Amino acid sequence: MSNRNSLLNTFKTLGGAALCLWGLFALGCANPGSGPDGGPYDETPPRVVSMTLPQQAGKAGKRGTKVSIRFSEAVKLDNAQEKVVVSPPQLEQPEINVVGKTVTVQLLDTLQPATTYTIDFSDAITDATEGNPMGHYTYLFSTGEVTDTMEVSGHVLSAEDLEPLKGVLVGLYPADSPDSLFRTQPMKRVGRTDAGGHFSIKGVAPGEYRVVALEDKDQDFKFSMKNERIGWLKEAVKPSSFPDVRYDTCWRDTVRWDSIRTVHYTHYLPDDLVLLAFTESGQPRHKLKENRENPDRLNFFFTAPSDSAPRLTGLNFDTSSLRLEHNEGYDTLTYWIGDTAVVNTDTLRLLFTYDESDDSTGLRTLTTDTLELLPRVSLERRMKQQAQEHEKWLKGLEKRHKRGDYSEETPPLTFLRLESKAPAYITPMNNIRLTFSEPLDGLERANLHLLLGPDTLQTEAPYELTPVAGKLRTYELRAEWRPEQQYTLRLDSAAARGMLGHHNRAEEFTFKVSPTEQFGTVFITIPDAEPCTIVELLDNGGKTMRRESLVSGNRAEFYYVEPGTYHYRCFFDRNGDGRWSSGVYDEQRMAEEVFYSPVKLDVKANFDFDQTWTLHALPLTQQKPSSMIKQKDEKKGGSLTGHEKNIRRMEEKKKGK
C-alpha cells in the first residue's frame with residue numbers, strides 16, 4: 001500500500017526502470033527501420049512517454065473517466081475487448097480507442113470511493129509496424145488516499161482434461177463471503193486468462209479472499225447461467241510480497257547474447273494458484289428439434305440428457321407398435337413404427353411430454369407439446385416411385401425374356417440388412433457387435449452359427465448373444481476367442497425378422513483372432529491412487545483407447561495392447577458410474593480429479609511395460625502432454641515480430657537465398 005504521492009513516485013520509478021531496460025535492450029539488439037537496402041527490421045518495442053497522472057485519473061462518484069497513454073511510436077491493440085481487463089469489473093463496457101501513438105480508455109461506470117482501479121492491457125500492446133510486443137502493462141489509480149498494489153496469479157485448467165482455458169474471468173470475494181455471493185454480486189476484482197490459461201489479478205488490498213473462475217457468457221461478472229463454466233478454490237488466499245531478483249538476458253543481435261542483467265523486483269504471492277473449471281451436470285434441457293425423415297420413424301433431439309424417457313401419446317394413431325431407441329441420456333431418441341397403417345399415414349398428430357428446464361428458475365418441469373409430423377416424402381409420392389420402379393423392372397423382364405433369360409422372375413425384395421460386421425482381425429478381448437437396419441421381431445438362434453476352424457474342419461463354437469441397452473438394433477456376440485484361430489459367423493437366410501416385415505439374406509463372414517505375440521502388455525502402478533481410480537490409455541490426440549479399473553489396490557492392467565504410441569491418464573470415479581463427472585457449486589462439490597502422465601509409452605509387440613506413476617509428482621499445469629493441448633499460441637501465421645523477421649532473414653542468408 002502507498003499514499004497518492006508515493007504512487008506517483010512509484011509510477012515514475014517503474015516507468016524509468018522500464019524505459020532503461022528497453023533502452024538497453026534496443027541498444028544491444030536492434031537497429032531501427034528496414035530500408036530498401038535490406039537492413040534489419042526494427043526490434044524496439046513501444047514505450048510509454050506520457051500518460052494521465054494517476055492522481056488525476058478519476059474521483060469517486062465520477063462517470064466517464066478518461067485515461068490517456070502516449071507511446072514512443074504508433075501502436076495497436078490486439079483483441080482489446082478480450083485482453084484489456086478493468087478491475088473492479090465494469091458493467092458498462094469501457095470504450096477503448098487507439099489513434100497513432102495514443103491509447104485512450106474511457107470508463108463509463110461511476111467510480112467507487114476509496115477504490116483502486118486497474119486497467120490491465122496484458123500483452124495486447126504492440127508497435128503498429130513490426131508487431132514488437134511491449135510486454136504486460138497495467139495502469140492503476142485510486143479514488144482514495146490509499147492505492148492497493150498486491151497481486152495474485154495462477155492458471156485455470158479444464159477440470160475434465162487439464163486443457164488451459166483462455167478468456168476465463170478469475171475474481172476475488174472477501175473470505176467471509178457466503179457461497180451465494182458468487183450468484184448475486186459481481187466479483188470485486190478480476191483478471192482474465194490468456195492462451196496459456198494464466199491469469200493475474202492486480203490492485204489487490206491486503207486481506208483474505210475466496211478465488212473463483214467464471215466463463216462469463218452474459219458479462220455480468222457473477223455465476224448467473226447454469227451453462228457457464230466455473231471453478232473455485234476450497235481454501236482462502238492471503239496476498240503477500242517480498243523483494244526478489246531475476247536475471248534477464250540482453251542480446252547483442254538476433255542470435256548472440258551480450259550479458260546477463262540483474263533485475264530487482266517485487267515478487268507477489270500466491271503466484272501458483274490452479275483453478276479447475278467445469279460446466280455443472282444437469283445442464284438446461286430443451287427440445288432442440290424433431291423430424292420424420294423416414295415414414296417409419298420419429299426422431300427427437302434435446303440439448304441435455306435426462307434420467308427418463310419422454311411420453312408420447314398419439315392423437316390420430318395407435319402408439320402400441322412404437323419402439324424406442326435411445327442413447328444413455330435420452331437426448332437423442334428414435335421411435336420406430338411397426339404398424340404399416342401408421343407408417344402410411346402422412347400426418348401424425350401427437351402429444352409429446354418431456355422434462356424441460358424452466359429458464360427463470362432452472363428447475364426441470366414437465367412440458368407437453370402438440371406436434372404434427374410429416375415424412376419428407378409423402379405416401380402418394382412413395383407409391384408413385386414404387387410404381388415407376390416396378391414398371392422399370394417389367395421392362396427389364398421383357399428384355400430378358402427376349403434374350404431367353406428367365407432367371408429373375410420375381411420383383412426384387414427389400415431385405416433386412418446387417419449394417420456392421422466383424423473386422424478381419426480381432427484381439428482375444430474383443431467382442432463383435434451386430435447392428436441391423438431395423439429393430440428385430442425375432443432372431444432364430446439356431447440359424448446363427450459361430451464356426452471355429454478353417455472351411456474343411458469347422459466346428460460349432462459356443463457364444464452368447466445379448467441386446468445392447470437402448471440400442472434396439474444392436475446385439476453383442478461374446479465368445480472365448482482363441483488366439484491364432486479362424487472363425488466364421490454365418491447368419492442363415494430369414495434367421496432374423498425385422499419389425500417392418502423384412503428378413504435377412506444369408507450372410508457369412510470370416511475373421512481371425514490375432515496371436516498374443518502381436519500385442520504388448522502394460523502395467524501401471526499408482527502408489528497414491530484411490531480405490532475408485534480409473535486409468536485410461538490414450539492415443540497421441542487424447543482419444544481414449546482403453547479403460548481399466550485398478551486391481552490389487554493400486555495397479556491397472558492392460559492386456560492385448562496393439563503396438564503403437566500411447567499416453568495415459570486417470571480420474572477418481574467417486575460416484576462409481578464409470579465415467580468422469582463434473583461438480584455442483586451449490587453443494588460445494590468439485591469435479592472428479594483428473595491426472596495426466598507426461599510419460600509416453602512406445603508399446604512393442606510381445607513386450608511387457610511396467611510403469612510406476614506418482615500422480616502428484618508434477619503440478620497439474622505441467623502434466624498434460626503438449627501434443628494433446630488444443631489451445632495453442634494465439635499468434636497468427638505471418639504476424640512475425642521484428643526479431644523473428646530478422647532471425648528468418650539470417651536463416652535464409654545461411655541457406656544462400
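Two strands are taken to pair if DSSP finds at least two bridges between them, and strands themselves are DSSP runs (E, at least two residues), numbered from the N terminus, as are helices (H or I, at least four residues). With this in hand, T533 is found opposite F572 in β40. The model is a predicted one, in which local features need pLDDT of at least 70 and side-chain atom pairs count only at pLDDT 80 or more, whereas totals for chains, interfaces and linings use all residues. Residues are numbered from 1 along each chain as its sequence is written, and side-chain values use heavy atoms, with hydrogens and water left out.

The protein chain contains six helices and 42 strands. Of its 657 residues, 44% are buried, that is, under 20% relative accessible area, with exposed meaning over 50% and partly exposed in between (1.4 Å probe, protein chains only). Accessible surface, from the Shrake-Rupley method with a 1.4 Å probe, amounts to about 34300 Å² for the protein chain, and carbon and sulfur atoms account for 50% of this. When contacts (heavy atoms within 4.5 Å) between residues at least 6 apart in sequence are considered, 68% join residues at least 24 apart.

Strand β37 (residues 533-538) runs antiparallel to strand β40 (residues 564-572), and six bridges link the two. Both take part in an open sheet of four strands, ordered β38-β37-β40-β41 with antiparallel pairing. At its edges lie β38 (544-549) and β41 (594-603), each of which pairs on one side only. Neighbouring strands of this sheet are turned against each other by 25° on average, direction ignored; the axes behind this angle are lines fitted to C-alpha atoms, for helices over the stretch in contact, and angles run from 0 to 180 degrees between N-to-C directions.

What of the disulfides, which are pairs of cysteine sulfur atoms within 2.5 Å? The structure has zero of them. For C532, the closest cysteine sulfur is that of C570, and at 9.5 Å it is too far for a bond.

Beyond neighbours within four places in sequence, L452 is in contact with L457, Q458, T459, A461, R482, Q485, Q486 and Y487. In the case of Q485, 33 residues away along the chain, the C-alpha atoms are separated by 7.3 Å.

Key. A disulfide is a pair of cysteine sulfur atoms within 2.5 Å.
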